Amino acid sequence: VVQGVPIRSDVSMTGTITPDGGIGPVGGVLQKAEAAAKAGFQTFLIPQGQNTQIVYTERVYRRGAFAIIVQEPTKIDLSDFMRRKYGVKIVEVGRVQDAYRLFTG
């Protein structure tokens with residue numbers, strides 16, 4: 001309960017709060033979203049502009065007796081990825097007020 005208003009138990013969030021009430025960027029958004037999904041949250045709020053994430057796919061190339069392992073970066077749409085894999089809705093928020101509205105319904 002915040003200011004007498006119940007908070008939804010199916011919403012979680014990551015981000016930094018700036019002095020002017022903005023939601024700032026953070027690292028590990030994909031990993032945090034997956035952790036929220038595994039914990040049972042249905043909606044995960046992320047900082048504005050962090051929906052596009054970079055994931056690394058390991059590729060192994062064989063050259064005779066040697067194996068060359070390369071981490072290849074790929075951009076993903078986090079909203080699409082989380083919806084398809086976990087059924088979790090990703091919402092970008094830019095201000096504390098936006099997050100508050102989503103947390104309180």
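T74 is partly exposed, with 37% of relative accessible area. That's a handy place to start on this model, which is a predicted one.

**Around T74**
- You'll find T74 in strand β6, which covers residues 66-77.
- Why does T74 count as partly exposed? Its relative accessible area is 37%, and partly exposed is the label between the buried cut-off of 20% and the exposed cut-off of 50%.
- Set aside the neighbours within four places in sequence, and T74 is in contact with Q53, I54, V55 and T57.
- Take I54 from that list: I54 and T74 sit 20 residues apart in sequence, yet their C-alpha atoms are 5.5 Å apart in space.

**Also in β6: I68 and its patch**
- I68 has its place in strand β6 too.
- With a relative accessibility of 39%, I68 is partly exposed.
- On the surface, I68 teams up with Y61 and V70 in a nonpolar patch. Together the three have about 220 Å² of accessible area.

**Strand β4 and its partners**
- Strand β4 runs over residues 43-47 and is mostly covered, as 5 of its 5 residues are buried.
- One partner is strand β1 (residues 11-13), which runs parallel to β4 and is joined to it by 3 bridges.
- Another partner is strand β7 (residues 89-93), paired with β4 in the parallel sense over 5 bridges.
- Here you can pick out T43, which stands opposite K89 in β7.
- A general point to keep in mind while looking at strands: in a regular one, side chains alternate between the two faces of the sheet.

**E34 in the helix**
- Now over to helix α1, residues 29-38, where E34 is found.
- Is E34 buried or exposed? E34 is buried, because its relative accessible area is 17%, and the cut-off for buried is under 20%.
- Which side chain makes a polar contact with the side chain of E34? The one from Y86 does, at 3.0 Å.
- Y86 also turns up among the contacts of E34 beyond four places in sequence, along with F81, M82 and K85.

Conventions:
Residues are numbered from 1 along each chain as its sequence is written. This is a predicted model: local features need pLDDT of at least 70, side-chain atom pairs count only at pLDDT 80 or more; totals for chains, interfaces and linings use all residues. Side-chain values use heavy atoms; hydrogens and water are left out. Helices (H or I, at least four residues) and strands (E, at least two) are DSSP runs, numbered from the N terminus. Buried means under 20% relative accessible area, exposed over 50%, partly exposed in between (1.4 Å probe, protein chains only). Contact means heavy atoms within 4.5 Å. A polar contact is a pair of N or O atoms within 3.5 Å; within protein, one must be able to donate a hydrogen and the other to accept it, and residues adjacent in sequence count only if both atoms are side-chain atoms. Two strands pair if DSSP finds at least two bridges between them. Patches are made of residues with over 30% relative accessible area and no salt bridge: like charges are joined within 9 Å, nonpolar side chains (Val, Leu, Ile, Met, Phe, Trp, Tyr) within 5 Å. Accessible areas come from the Shrake-Rupley method with a 1.4 Å probe; for residues, only the protein chains shown count as cover. A salt bridge is a side-chain nitrogen of Lys or Arg within 4 Å of a carboxyl oxygen of Asp or Glu.
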